[in-house]
Amino acid sequence: MNLNCHKDGKETTKGVKMVQNLKVEDAMVKNVASATLPGSRDEVLAILKDKKVSGVPVLKDNKVVGIVSRTNILKNPEEEQLALLMSRNPITIHVGESLKEAARILYEKNIRRLPVVSDGGKLEGLITTADIIGTIADLNIETPIQQYLSPNVYALWSETPLPVVSLLMDLSDVKACPIVDAGLNLVGIISDRDVVGASIIEDRVEKSDMSAGNDDDNWTWESMRDTMSIYYSVSRVRLPADKVAKDIMISNMITATSLASVDSCAKKMKRNKIDQIPIIDATGKLQGMLRDRDLLLPLIEVE
């Protein structure tokens with residue numbers, strides 16, 4: 001691996017030493033948006049949309065007890081209680097751990113964020129894949145990205161209805177999908193953030209009729225039972241069926257070729273605040289997808 005090469009082609013160990021010396025606290029976000037128990041789905045949605053983040057830690061008595069993300073909400077559209085939405089017993093990392101260890105955990109566990117805690121379990125910050133990519137962008141790793149590309153690409157047709165988009169992304173376990181038209185031309189990209197942004201909270205009132213008598217009551221005639229009606233509200237997250245992929249996709253995409261370097265792609269992700277880059281050939285045809293988590297590998301591999 002060619003780290004931090006000089007113009008004359010001589011290698012230097014500066015980049016390696018930087019990686020080995022970096023700690024989690026050097027890259028983490030300290031002022032972390034979080035949710036607190038007890039809480040509701042609507043409160044979390046407001047935080048995600050306002051802060052433009054994909055997930056937040058859940059706290060109880062200032063200690064991390066869970067993580068709630070856009071995925072949790074989309075998978076449980078009718079659940080309103082935060083305690084039932086969140087993922088419990090989240091993986092955390094100590095504030096003094098190395099950045100390389102954080103990258104390893106994020107990659108191997110296939111997660112996007114790690115709450116950073118102190119010795120007492122108190123939340124000190126949050127480190128995400130994007131935070132580490134921002135650091136990698138400054139390490140001048142000139143290796144081509146070709147060897148780090150995701151082996152599988154899940155593309156969607158531009159006319160796919162939005163509820164189907166959400167379902168297919170969920171089943172494929174991907175956070176973003178390239179969008180192609182009928183001619184197989186790359187025309188856009190959709191992330192789970194775009195899907196949540198298009199979601200609608202639908203409130204409705206339902207009625208339940210409950211009999212005051214039962215079959216064991218000898219004095220109750222079948223046709224004369226007292227009936228009590230109970231009305232209750234139901235709230236769920238709904239995706240509009242009249243919208244299709246092209247209605248919410250990002251069309252002004254940032255792209256790269258397979259010969260682009262690790263540091264150049266990391267810089268694109270950092271500069272444009274994106275976590276996926278479609279990889280195209282010389283004619284503009286889709287060849288693959290580079291995910292930000294793929295770029296964790298060069299950091300993990302450093303000895």
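The buried residues of helix H7 (residues 129–136) are Thr129, Asp131, Ile132, Ile133, Gly134, Thr135 and Ile136, where buried means under 20% relative accessible area, exposed means over 50%, and partly exposed lies in between, for a 1.4 Å probe and protein chains only. Helix H7 is thus mostly covered, with 7 of its 8 residues buried. The model described here is predicted, and local features need a pLDDT of at least 70, side-chain atom pairs count only at pLDDT 80 or more, and totals for chains, interfaces and linings use all residues. Residues are numbered from 1 along each chain as its sequence is written, and side-chain values use heavy atoms, with hydrogens and water left out.

The protein contains 12 helices and 14 strands; helices (H or I, at least four residues) and strands (E, at least two) are DSSP runs, numbered from the N terminus. Of the 303 residues in the protein, 42% are buried. Among contacts with a separation of 6 or more, 62% are between residues 24 or more positions apart, a contact being heavy atoms within 4.5 Å.

The surroundings of helix H7 were examined next. Its buried residues pack against helix H2 (24–27), helix H6, strand E7 (123–128), helix H11 and helix H12 (296–301). Two packed helices are described by the angle between their axes and the distance between the axes. Here the axes are lines fitted to C-alpha atoms, for helices over the stretch in contact, and angles run from 0 to 180 degrees between N-to-C directions.

The axes of H7 and helix H11 (residues 262–272) come within 8 Å and cross at roughly 130°, and the two helices are therefore oblique to each other; angles under 35 degrees count as roughly parallel, over 145 as roughly antiparallel, 65 to 115 as roughly perpendicular, and the rest as oblique. The crossing of H7 past H11 is left-handed, a term used if the near helix is turned anticlockwise from the far one by less than a right angle, whereas clockwise gives a right-handed crossing. In this contact, Ile133, Gly134 and Ile136 of H7 meet Val262, Ala266, Met269 and Lys270 of H11. By class, the contact has 5 nonpolar, 1 polar and 1 charged residues, with Ala, Val, Leu, Ile, Met, Phe, Trp, Tyr, Cys and Pro counted as nonpolar, Asp, Glu, Lys and Arg as charged, and the others, Gly among them, as polar.

Helix H6 (residues 99–108) also packs with H7, at an angle of about 130° and with the axes 10 Å apart, so that H6 and H7 are oblique to each other. H6 passes H7 in a left-handed crossing. Leu99, Ala102, Ala103 and Leu106 of H6 meet Thr129, Ile132 and Thr135 of H7, and by class this contact has 5 nonpolar, 2 polar and no charged residues.

Lysine 49, in helix H3 (residues 41–51), is partly exposed, with a relative accessible area of 43%. Lysine 49 and glycine 197 are 148 residues apart in sequence and 7.3 Å apart in space, C-alpha to C-alpha, and lysine 49 touches Val196, Gly197 and Ser199, not counting residues up to four places away in sequence. Aspartate 294, by contrast, lies in the loop between strand E14 (286–291) and H12 and counts as buried at 2% relative accessibility; leaving out residues up to four places away in sequence, aspartate 294 touches Tyr148, Leu149, Ser150 and Met289.

Several features of the backbone were also noted. Most residues other than glycine have a negative phi, and most peptide bonds are trans. The peptide bond from leucine 37 to proline 38, however, is cis, with omega near -10°, and proline 38 is found in the loop between strand E1 (35–36) and H3. Asparagine 110, in the loop between H6 and strand E6 (113–117), has a positive phi of about 55° although it is not a glycine.

Confidence was considered last, using pLDDT, the predictor's confidence in each residue, from 0 to 100. The protein averages a pLDDT of 79, and 80% of the residues score at least 70. Among its elements, strand E12 (residues 227–238) has the lowest mean pLDDT (51), and strand E8 (residues 156–157) has the highest (94). Over residues 231–235 the pLDDT is below 50, although this stretch has 21 contacts in the model beyond near neighbours in sequence. Where pLDDT is low, the predicted coordinates should not be read in detail.
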